[in-house]
Amino acid sequence: MSPYELVEVEAPGDAVVAALRERLRSRGLTEYAVVDHGHDMAAAGVTGPPAWTLVFGNPTAGAALLQRELSAAVDIPLRLAVVGRDAVRSAIVIRPMGTLLGEEHADLADRFTAVLRALADEARAEARRDEDRGSASAP
């Protein structure tokens with residue numbers, strides 16, 4: 001059984017990344033990086049799938065975790081991945097934080113995971129709306 005959850009989206013990966021970035025901004029979360037794996041692989045001469053990792057967080061929430069377990073720094077900031085399925089479909093990949101933080105931090109892990117799931121759901125809806133608007137205006 002995979003430790004990952006997939007949120008399927010009827011929109012291309014780059015549109016989903018844009019929607020996620022907008023959701024991060026709207027929630028006041030700090031975006032630390034967007035890793036474009038496909039671009040980096042192409043630059044290295046390797047053909048790879050379209051995939052991105054968004055690295056983001058809330059320093060206050062991170063501090064709450066680090067006050068309990070300093071070693072948990074390896075698991076933050078948070079991450080979501082977007083993988084392209086084809087030209088018009090993608091998936092948002094979530095790793096529930098309980099798989100990383102363990103039972104002793106289950107309360108915080110559950111809160112972090114709830115944020116990841118909410119961001120994925122909101123971005124899915126936003127990307128679909130944007131794709132629908134694009135389709136409606138196409139000749």
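View 1. Asp-121 is partly exposed, at 40% relative accessibility (buried is under 20% relative accessible area, exposed over 50%, partly exposed in between, with a 1.4 Å probe and protein chains only). Helices (H or I, at least four residues) and strands (E, at least two) are DSSP runs numbered from the N terminus. This is a predicted model, where local features need pLDDT of at least 70 and side-chain atom pairs count only at pLDDT 80 or more, while totals for chains, interfaces and linings use all residues. Residues are numbered from 1 along each chain as its sequence is written, and side-chain values use heavy atoms, with hydrogens and water left out.

**View 2. Arg-27 meets Glu-122.** Here the closest N and O atoms of the salt bridge are 2.7 Å apart. Arg-27 comes from the loop between H1 and E2, and Glu-122 from helix H5, so this pair ties together parts 95 residues apart in sequence. Arg-27 is partly exposed at 37% relative accessibility, and Glu-122 is partly exposed as well, with a relative accessible area of 26%. The structure holds eleven salt bridges.

**View 3. Asp-107 and Arg-111 on helix H5.** Another salt bridge joins these two side chains, at 3.8 Å from N to O. They are four residues apart in H5, about one turn of the helix. Asp-107 counts as partly exposed at 36% relative accessibility, whereas Arg-111 is exposed, with a relative accessible area of 51%.

**View 4. Thr-113, a buried residue of H5.** Thr-113 lies in helix H5, which spans residues 106-137, and counts as buried at 4% relative accessibility. A polar atom of the Thr-113 side chain lies 2.8 Å from the backbone nitrogen of Met-97. Leaving out residues up to four places away in sequence, Thr-113 touches Pro-96, Met-97 and Gly-98 (contact means heavy atoms within 4.5 Å).

View 5. Five strands make an open sheet in the order E1-E5-E4-E3-E2, with antiparallel pairing; two strands pair if DSSP finds at least two bridges between them. Strand E1 (5-9) and strand E2 (30-36) are at the edges with a single partner strand each, so one side of each has no neighbour in the sheet. From one strand to the next, the twist averages 20 degrees. Helix H1 (residues 13-26) lies across E1, E2, E3, E4 and E5, running at about 5 degrees to E3. For such angles, axes are lines fitted to C-alpha atoms, for helices over the stretch in contact, and angles run from 0 to 180 degrees between N-to-C directions.

**View 6. Val-82 in strand E4.** Val-82 belongs to E4 (residues 78-84) and is buried, with a relative accessible area of 0%. Beyond its neighbours within four places in sequence, its contacts include Val-16, Leu-20, Trp-52 and Ile-92. E4 pairs with strand E5 (residues 90-94) in the antiparallel sense over four bridges, and Val-83 stands opposite Ala-91 in E5.

Technical notes. Polar contact = N/O pair within 3.5 Å; in protein donor to acceptor, adjacent residues only side chain to side chain. Salt bridge = Lys/Arg side-chain N within 4 Å of Asp/Glu carboxyl O.
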